[in-house]
Amino acid sequence: MSKISWKNEVDKRKAEIISETRKFLQIPSVLDERSAGPGHPFGMSIQDALTFLLKKGEECNFSVKNLDGYAGYIEFGQGEESVGILCHIDVVPEGEGWSSPPYAADIIDDKIVARGAIDDKGPTMAAYYAMRIVKDLGIPLSKRVRMIIGTDEESTWQCVDHYFKHEEMPTVGFAPDADFPIIYAEKGICDIKLEFKANEETQGTLPYLIRFQSGRRLNMVPDEATATVELAAGSEIKLKKQFNQFLKANNLEGLTTEDKNQFTFVVKGKSAHGMEPKLGINAGVYLSQFLQKLLPDGEAKQFVDFITAYLYIDSRGHRLGIAYSDEITGELTVNCGLISYEVGQGGSVGLNIRYPVTKKGEEMIEQLQLVAKEHHLSLQLLDHSKPHHVDKEHSLIQALSKVYEDQTGEKAELLSIGGGTYARSLEAGVAFGPLFPGREDVAHQKDEYILIDDLLKMTAIYAQAIYELAKA
């Protein structure tokens, strides 16, 4: 077979790739427990996205399967062994402050702007069209190529558990859900919930905290926090002045509202992926720090004292006693993704912790249990995914390195990340794109986008990767 120009093959399909990617992004595939049910366990919008993709596979004569709405696959080729391409179609909530509607998928300055554009629906479409190209060319393959479609990656990974209960483990594979060139190591990920029980006496000296809410997901830096406080009559002007001074001192935006003797404080932060909290501004932690100075001694004061003492401007776990770093994956990170408090019911703090591959997760959890016990808190381990690491000399990495260097002319440096991709579900799996070196990481942020040139470029890369990994 003559040398294939993967770029030319992509260019032939350019208009279709852009059009179908936009249609896919216009489906608001966010977890919706209200519409969940048999066959659509994460809600109807996620099911719509799964149906959209599987239907495209059927129309092009791929083998497809829907696994009870938890996952699906699109497959072609033959052979005992298989190459897995692990994608996900669920997205995080859109958040506030978008310049264009988050599901319009508008094209602005050669970018498709939409929630899920880069994480992970845009790259999923790139991988799908890469499969289409290899299939259309009729290239002989010695392995089956299977796109595994997850529906719950941004939450609890129930989709992966369900998939591997019913289906085989691919021999090798990659996830288009991180950075180029190649992610060969991923940190361990721990989701922790710390609970503060309410005391019998819930209301004390004014002002007292009625409720406090911050965050939508553990793996997102909260971009907004709201606290409602009962005030003593006549103190509104003073407190509003104090709050405005606090906002100015910390270069934050916020607002206040009044309803009788109840005063609501709102702090605006900046959303970011929980794997690197320093890229965001945690509205919840900042509001805790303000409330700490406002509230008198009592249950609510103890609650915000804890948050401020252990989490305020410390995303590396130093004050929790779990700070750690290694040469492979760098520093441990802590994201305070959820804060909730209701007078009379107590409160909770949700942490998303990413730890290096050489750190023992069990030791870290034991240390957190000691901290919780010291402050009379209960600790619940919500989820724990251990670190993932593929040897640099593995044939998978050698093949993908060749592909990346062929397509870009740049050296395929091996990287590690704090994010967790489906690659860790495989014995031999790595994350491979979609974010090119030097590009802005806008996953989980407002105005998320994918550059059209990058969408097409990654499609060519994935097409050659499929060929190199599965060719006869």
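This is a predicted model: local features need pLDDT of at least 70, side-chain atom pairs count only at pLDDT 80 or more; totals for chains, interfaces and linings use all residues.

Q: What makes α3 roughly parallel to α4?
A: The axes of helix α3 (residues 44-59) and helix α4 (residues 121-136) cross at roughly 10° and come within 12 Å. Angles under 35 degrees count as roughly parallel, so α3 is roughly parallel to α4.

Q: Which residues make the contact between α3 and α4?
A: From α3 come F52, L53, K56 and G57, and from α4 come T124, M125, Y128 and Y129. By class, this contact has 5 nonpolar, 2 polar and 1 charged residues.

Q: Why is α4 called largely enclosed by the rest of the structure?
A: Buried means under 20% relative accessible area. In α4, 14 of the 16 residues are buried, so the helix is largely enclosed by the rest of the structure.

Q: How do you know that the reach of α4 is close to the expected value?
A: From first C-alpha to last, α4 reaches 22 Å, and the span expected for its 16 residues at 1.5 Å a residue is 22 Å. Just after this helix, G138 takes a positive phi of about 65°.

Q: What makes β4 and β5 a pair?
A: Two strands pair if there are at least two bridges between them. β4 and strand β5 (residues 111-113) have 3 bridges, in the antiparallel sense. I107 has I112 of β5 as its bridge partner.

Q: Why are β4 and β24 called edge strands?
A: In the open sheet, the order is β4-β5-β24. β4 (106-108) and β24 (449-451) each pair on one side only.

Key
Residues are numbered from 1 along each chain as its sequence is written. Side-chain values use heavy atoms; hydrogens and water are left out. Axes are lines fitted to C-alpha atoms, for helices over the stretch in contact, and angles run from 0 to 180 degrees between N-to-C directions. Helices (H or I, at least four residues) and strands (E, at least two) are DSSP runs, numbered from the N terminus. Angles under 35 degrees count as roughly parallel, over 145 as roughly antiparallel, 65 to 115 as roughly perpendicular and the rest as oblique. Contact means heavy atoms within 4.5 Å. Ala, Val, Leu, Ile, Met, Phe, Trp, Tyr, Cys and Pro count as nonpolar, Asp, Glu, Lys and Arg as charged, and the others, Gly among them, as polar. The expected span of a helix is 1.5 Å times one less than its number of residues. Buried means under 20% relative accessible area, exposed over 50%, partly exposed in between (1.4 Å probe, protein chains only).
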